[in-house]
Amino acid sequence: MISKSTRTIFALTLGLGVAGGALAAGADLGNTTKQATNWVAIAMFAIFVAITLGITKWAAAKTKSAADFYTAGGGITGFQNGLAIAGDYMSAASFLGISGLVFANGFDGLIFSIGWLVGWPVITFLMAERLRNLGKFTFADVAAYRFAQTPMRTFAATGSLVVVAFYMIAQMVGAGQLIKVLFGLEYTVAVILVGVLMMCYVLFGGMTATTWVQIIKAIMLLTGATFMALAVLWQFGFNPEALFAKAVEVHSKHDAIMSPGALIKDPVSAISVGMALMFGTAGLPHILMRFFTVPSAKEARKSVGWATTWIGYFYILTFIIGFGAVVMLTQSPDLYYVDGDLAKGLKGGGNMAAIHLANAVGGNVFLGFISAVAFATILAVVAGLTLSGASAVSHDLYATVFKHGNADSAAELRVSKMTTVCLGVVAVFLGIAFEKENVAYMVMLAFAIACSANFPILFMSVLWKDCTTKGAVAGGIFGLVSSVGLTLLSASVWEAVLKNPKGSALFPYSSPAIFSMTGAFLVIYLVSKMDNSQQAKLERSLYPAQKVRSETGVGASSASGH
Amino acid sequence: MNDDIVARIEANPKYHELVSKRNSFGITLSILMIIVYYGYILLIAFNKEWLATKIGAGMVTSIGIPLGVGVIVFTIVVTNIYVRRANTEFDDLNAEIIKEANRK
C-alpha cells in the first residue's frame, strides 16, 4: 500500500502534471505567499496578450459560420495542429509540477511524465483517423454516428461537460495561485483576468484564435524549456552523468534520487493510474475536438505524430530542468530558499523549482519570460476547454437534441457564443469559490471520467459492430457514476477534502480506472448483446457503411464541406 | 453517402486487405506499447532494486533512468513509424480503392 503522505504527494502530483490547475491545490502551493510585484513578468505577459488579441481580431474576421467557430473551417495543417495539441497538453503544471517533482524526488518525476505520454500512441493507432473520418465538430458526432441521436448525444454532452468542469476548476484555482507567486497580484484579479481573456479569444476568434494561442504558447514553452535544459547541460559539458553526480552530492536525499521511491508500491494503483492516463487522454473532449480542425485523416495522423514528438521531448527537458534546479538552486540558498535555509524549502513552494532555475540561468528577464509562459499556458488550456464545453451544448444538445438537426448555422453559432459567456462566468465564479478548497483530485477525476465514460463509448461504437445505443449509454453511465463514486470514496476526497479520519476511505486505490473503465466496457458488451430490439437491428445493419467511411474516409466532411 | 459506392468498396478485395493490414499493424504496435509501459510500471512495483542498480562502476546513473528515457523515445518512435506507414503505403492503397469505387 502507498502510505498516506506519499499518497497525498501522488494525488497532488497527478493533479499537477496534467492540467495547470491543481498546481495550487495541495499542501505544496496552497500555502504560497504573495510575492513582490514582478513588472518584467507582467510586461512579458502583456506583450503575449497583445499579440494574441491581435490574432483574435484577425481570426474574428474569418469566423462566420458554426464550422469556423468549432473547427477553424478545417483548414489547420497537421504540423500546426500537432503543436496546438501539444500546447493543450503541456500545461503550466506539467512544466512546473513535473520539474518540481524531479527536484524533490528525482527519478519519480520520470515515472509520471512517461504516464502522460503513453496515451498518445494509442490515440494514433486506434482513434485519430477514424475520428477524423466520422466526425464533424464534436466527439459525439463519432460516438452517435449510427445510433439514436437523442440519448447518445445527451450522454456524450454530459460526459464532456463533467470532464470540462473538473478540469476547468483545477485550472482556474491554479491560475489564481500561480499569479500570486509569479506576478505578485491578487488571486481574484488573476481569476477574473483569465476568465475575461479566455472569453475574448473564444467568443470572437473561435477555434482559429484558440488554435493560434495554443501554437504560440507551445513554441514559447518549448523554446524556454530548451534554453533552460541546454544551459544546465552546458555547465556539465553535456554529460548527464556529471549532472546526476553533482545532484546526488547536494540533494538532501542523496543517492535515493537515482532510484524509484515510494510513489509506486501498490501494483493495483499503479496499473489503475496508468490506465486512466493512457486511455483518459483518448476521452478528453478538448483534445478530441482538435482532430476535426484538420482537412483529412492523413493530416490527423501527422497531428498526433508531431504532438507525441513535442510532448515526449518536453518531458525529457523537464527531467533535466528538475535536476538542474537541484544543483543550481542549492548553490545560492539565500536567493531561492525560505530564510536561506535548505531545510525550509523553496520560496513559493516546491513547484517553483523551474521558475527559480529560470532566474539562475537567465536572470530577471528570462524569469519574466518563463512566468509569462506559465500563465499564458493556463489561459490557452482554459480557452480550449471552454470551446469544447460550448460545442457540446450548442452542437450536441441544442442543434441535435432540441432542434433534431434542423438548427441553422447562425442560430447554432449564437448558442455557442451564449454558452461561452455562461461558461466563462461560471468558471470565474467556481475559481473564486474553490480558492481555499483542495482541488488536487480534480484533474485525476477528469481523466478517470474521460477513460471510463467517453473513451469506452467512442471505442465500442466505432470498432464493434454489435454495439447498440442502449449498450453504449448504459456502459457510459456506469463508467461515469462508478468513476465519480469511487473517487469520492478514495482517500484523495474522502479524507483530504471531506475531512474524514485517516484510513477511513473505503476505496483504497489511487484511481478508479481499473474498475470503472473495465466495468463500462463490460456493461456495453452485455447490454448490447442482450439488446434485440428493432432499433438494435437497424443500428447493427448500419455498421458496414460506417466502417467503410471510418476506414477509407469516403463521405467524410471535407474542409470546405463542413 | 452513396450506397453503391459502399457496396463497391466492400466488394473490393483491396479494401479488406487495407483494413486487415492497417488494423493488425495498429493493434500490434498498441500491444507493444502496452507491454513496454506496463512492463516498466510493474518493474517499478516489484523490482525497485534492479532499477536502482548503477549502469557502471563508480557511476551514479541508475539503470532505471536510461530505461525510462528509453520508454519516452520508444513512444515517439513507434507513433511516428505508424504515421509514416499509414500516410504512405496505406493511404496509397486507400486512394486506389476510392478510385476504383468511383469508376463505374
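Which residues of chain B does the UniProt annotation "transmembrane region" cover? The annotation, from an unreviewed entry, covers residues 25-46 and 58-83 of chain B. UniProt positions follow the numbering used here, feature names are shortened, and annotations may be inferred rather than shown by experiment.

The model is predicted: local features need pLDDT of at least 70, side-chain atom pairs count only at pLDDT 80 or more, and totals for chains, interfaces and linings use all residues. Residues are numbered from 1 along each chain as its sequence is written, and chains are lettered from A and ligands numbered from 1 in the order in which they are written. The predictor assigns the complex an ipTM of 0.94 and a pTM of 0.90. The mean pLDDT (the predictor's confidence in each residue, from 0 to 100) of chain B is 91, and 97% of its residues score at least 70. Within chain B, α1(B) has the lowest confidence, with a mean of 86, and α4(B) the highest, at 94.

Chain B contains four helices and zero strands. Helices (H or I, at least four residues) and strands (E, at least two) are DSSP runs, numbered from the N terminus. The order of elements in chain B, from the N terminus on, is α-α-α-α. The radius of gyration of chain B is 22 Å, well over the 13 Å of the globule rule for 104 residues, so chain B is more spread out than a compact globule. This radius is taken over C-alpha atoms, and the globule rule is 2.2 Å times the number of residues to the power 0.38. The C-alpha atoms of chain B fill a box of roughly 75 × 25 × 20 Å along the principal axes.

The two annotated segments were examined in turn. Residues 25-46 of chain B are 100% helix and 0% strand, with end C-alpha atoms 31 Å apart. Residues 58-83 of chain B are 77% helix and 0% strand, with end C-alpha atoms 42 Å apart.

Of the 104 residues of chain B, 29% count as buried. A residue is buried if 20 or more other C-beta atoms lie within 10 Å of its own, exposed if 12 or fewer, and partly exposed in between; C-beta atoms are placed from the backbone.

The contact between the chains takes 44 residues from chain B and 45 residues from chain A. Two residues are in contact if their C-beta atoms, placed from the backbone, lie within 7 Å. On the side of chain B that touches chain A, α1 (3-11), α2 (13-46), α3 (48-52) and α4 (64-102) each give two or more residues. The most come from α4(B), with 19 residues. This side of chain B divides into 30 nonpolar, 11 polar and three charged residues. Ala, Val, Leu, Ile, Met, Phe, Trp, Tyr, Cys and Pro count as nonpolar, Asp, Glu, Lys and Arg as charged, and the others, Gly among them, as polar.

Chain A has 24 helices and zero strands. In chain A, residues 24 or more positions apart make up 84% of the contacts with a separation of 6 or more.

The largest nonpolar core has 237 residues, of which A:V194 and A:L357 touch the most other members. Helix α17 (residues 353-402) of chain A gives the most to this core, with 30 residues. A nonpolar core is a set of buried Ala, Val, Leu, Ile, Met, Phe, Trp, Tyr and Cys residues joined through C-beta atoms within 7 Å.
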